[in-house]
Number of protein chains: 2
Amino acid sequence: MSFELPIEAPRDCGSCQIRHRAVCARCDADELKTLDEIKYYRSFQAGQTVLWSGDRMDFVGSVVTGIASLTQTMEDGRTQMVGLLLPSDFVGRPGRETAPYDVVATTDLVMCCFRKKPFETMMGTTPHVAQRLLEMTLDELDAAREWMLVLGRKTAREKIASLLAIIARRDATLKLASLTGPIVFDLPLTRDAMADYLGLTLETVSRQISALKRDGIIRLEGKRHVTVPNMDALLEEAGDDSDGGMLI
Amino acid sequence: MSFELPIEAPRDCGSCQIRHRAVCARCDADELKTLDEIKYYRSFQAGQTVLWSGDRMDFVGSVVTGIASLTQTMEDGRTQMVGLLLPSDFVGRPGRETAPYDVVATTDLVMCCFRKKPFETMMGTTPHVAQRLLEMTLDELDAAREWMLVLGRKTAREKIASLLAIIARRDATLKLASLTGPIVFDLPLTRDAMADYLGLTLETVSRQISALKRDGIIRLEGKRHVTVPNMDALLEEAGDDSDGGMLI
DNA sequence: TGCCGTTCTTGATCTGCGTCAAAGAGCTAA
DNA sequence: TTAGCTCTTTGACGCAGATCAAGAACGGCA
């Protein structure tokens with residue numbers, strides 16, 4: 001891959017104290033507030049399902065804190081994670097009545113919820129928000145397509161390295177940390193969730209992480225605390241010269 | 001999967017003689033014409049590359065006839081097709097200077113091209129077109145995510161069945177044919193292209209098609225002409241109760 | 001402190017798909 | 001007609017990753 005997905009510098013927000021990558025219901029889009037007859041906050045515990053595939057989506061939510069995952073499920077129980085929602089990302093969409101996939105809280109989660117109708121009328125009345133939504137959606141589409149390459153063509157080791165690289169990069173970006181020195185972060189996902197994301201089994205994930213540790217690509221303290229001494233070496237393992245996208 | 005991706009009924013267009021699923025540069029969006037200082041048509045032969053990954057995208061194109069594929073490539077040559085462009089689909093996007101993947105003509109192709117700038121200013125001046133673009137993009141995102149399940153979790157046989165189901169459904173929809181009886185169509189892809197799309201090898205694709213033929217799920221005349229006697233049986237093989245999306 | 005839950009690691013074995021190889025089928029050009 | 005393409009099929013074999021199974025490492029809680 002030879003393209004760069006620019007990662008928008010996150011901004012601190014005085015009112016909600018979180019860094020945002022994109023339009024935020026609380027900070028950037030005052031239009032959302034004015035259009036909103038009903039706004040409320042909902043909390044979810046890790047593991048709790050926010051929305052089941054096929055459910056009526058009668059609200060639009062924006063993640064305030066925590067992580068949620070979008071998951072596809074087959075009848076026999078096989079599952080594939082198809083995306084992650086980070087703070088400022090939206091759930092719900094115009095022109096669609098029901099949820100196309102499960103939305104599950106990966107960590108404890110707070111969402112800011114709106115009734116759906118204002119979200120749709122907003123399109124016409126506030127074009128710059130509409131344009132921003134289009135750009136966000138196109139970024140997600142690019143990220144999803146980049147992930148298709150990972151799922152379709154990469155080996156288990158490359159998949160793990162790709163995921164670690166993405167998490168490391170996002171984490172460093174959110175912390176406004178440098179990407180040149182060692183990068184330290186905590187894995188926000190269990191081995192099981194990583195397997196779900198990568199189209200692998202939990203055991204294979206564990207084995208490949210052990211292998212990367214053995215080869216000095218990463219260091220581990222406990223099961224979740226990761227140090228990447230050399231980001232370039234990790235990207236090399238990912239079979240990847242791009243910056244890893246911004247899906248996660 | 002338990003959700004339905006509604007397939008918009010295609011419409012005949014008096015002026016360009018093709019059926020469209022979505023907004024069309026020639027028919028639906030007169031605004032595009034008026035904003036367009038420079039419009040021209042470009043033809044491509046099957047196999048020809050329309051746009052290389054990393055190229056400057058100095059134009060926006062809408063497919064008029066033919067099929068183009070979006071392809072990701074790794075340095076060592078492994079490739080993964082990440083989407084197909086059908087008549088009325090767009091290439092190019094606001095907020096992005098360079099192409100994120102190769103665009104290759106799968107069949108002989110005609111595109112209607114615009115300068116890029118009008119496409120962007122259009123966002124503000126013609127909100128209903130902007131909204132339609134957002135909906136189209138969200139549909140593509142849903143389709144891409146559905147394809148992630150195919151790539152990550154399905155077996156080779158299920159992958160082939162999924163692809164055949166999608167092509168069969170799209171073809172029947174475009175021809176306004178019934179989906180209840182036998183469905184007959186021509187494969188628009190070589191075995192190699194199918195492998196590229198499914199994250200398989202050409203040989204595995206061939207073997208699985210032979211197996212589906214042997215088991216009576218499909219009939220083949222020549223290498224491309226396919227009959228699906230029972231769509232439900234094919235969907236069963238795809239491990240799938242959804243309608244197969246609209247990616248292709 | 002010890003018990004019990006969840007999460008993770010590691011080993012042994014199996015298998016689906018990739019790889020390598022060869023040959024058939026259809027197509028155009030001479 | 002044959003030669004020379006490209007696309008496709010089929011076979012033999014090997015390996016990456018799934019599956020099955022057993023513990024280990026970490027909690028939290030009484």
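Biologist: Which residues come nearest to DNA strand D?

Modeller: Of the 17 residues around DNA strand D, the nearest are Thr155(A), Thr204(A), Thr190(B), Ser206(B) and Ser210(B). A residue is near a strand if its C-beta atom, placed from the backbone, lies within 6 Å of it. One caveat: this is a predicted model, where local features need pLDDT of at least 70, side-chain atom pairs count only at pLDDT 80 or more, and totals for chains, interfaces and linings use all residues. Residues are numbered from 1 along each chain as its sequence is written, while chains are lettered from A and ligands numbered from 1 in the order in which they are written.

Biologist: Which helix gives the most to the surface near DNA strand D?

Modeller: That's H6(B), with six residues. Helices here are DSSP runs of H or I with at least four residues, strands are runs of E with at least two, and both are numbered from the N terminus.

Biologist: And how does that surface divide by class?

Modeller: Four nonpolar, seven polar and six charged residues. Ala, Val, Leu, Ile, Met, Phe, Trp, Tyr, Cys and Pro count as nonpolar, Asp, Glu, Lys and Arg as charged, and the others, Gly among them, as polar.

Biologist: OK, over to DNA strand C. Which residues are closest there?

Modeller: Thr190(A), Ser206(A), Ser210(A), Thr155(B) and Thr204(B), out of 17 that surround DNA strand C. H6(A) gives the most to that surface, with six residues.

Biologist: New topic: what is the strand order in the open sheet of chain B?

Modeller: S4-S9-S6-S7, four strands with antiparallel pairing. Two strands pair if DSSP finds at least two bridges between them.

Biologist: Why is one side of S4 and S7 left without a neighbour?

Modeller: Strand S4 (49-51) and strand S7 (79-85) of chain B stand at the edges and have a single partner strand each, so one side of each has no neighbour in the sheet.

Biologist: How many bridges join S4(B) and S9(B)?

Modeller: Two, in the antiparallel sense, with S9(B) covering residues 102-105. Val104(B) in S9(B) is the bridge partner of Thr49(B).

Biologist: What about helix H4 of chain B, how far does it reach?

Modeller: H4(B), residues 156-174, reaches 27 Å from its first C-alpha to its last over 19 residues, close to the 27 Å expected at 1.5 Å a residue. The expected span is 1.5 Å times one less than the number of residues. Leu176(B), which follows H4(B), has a positive phi, near 55°.
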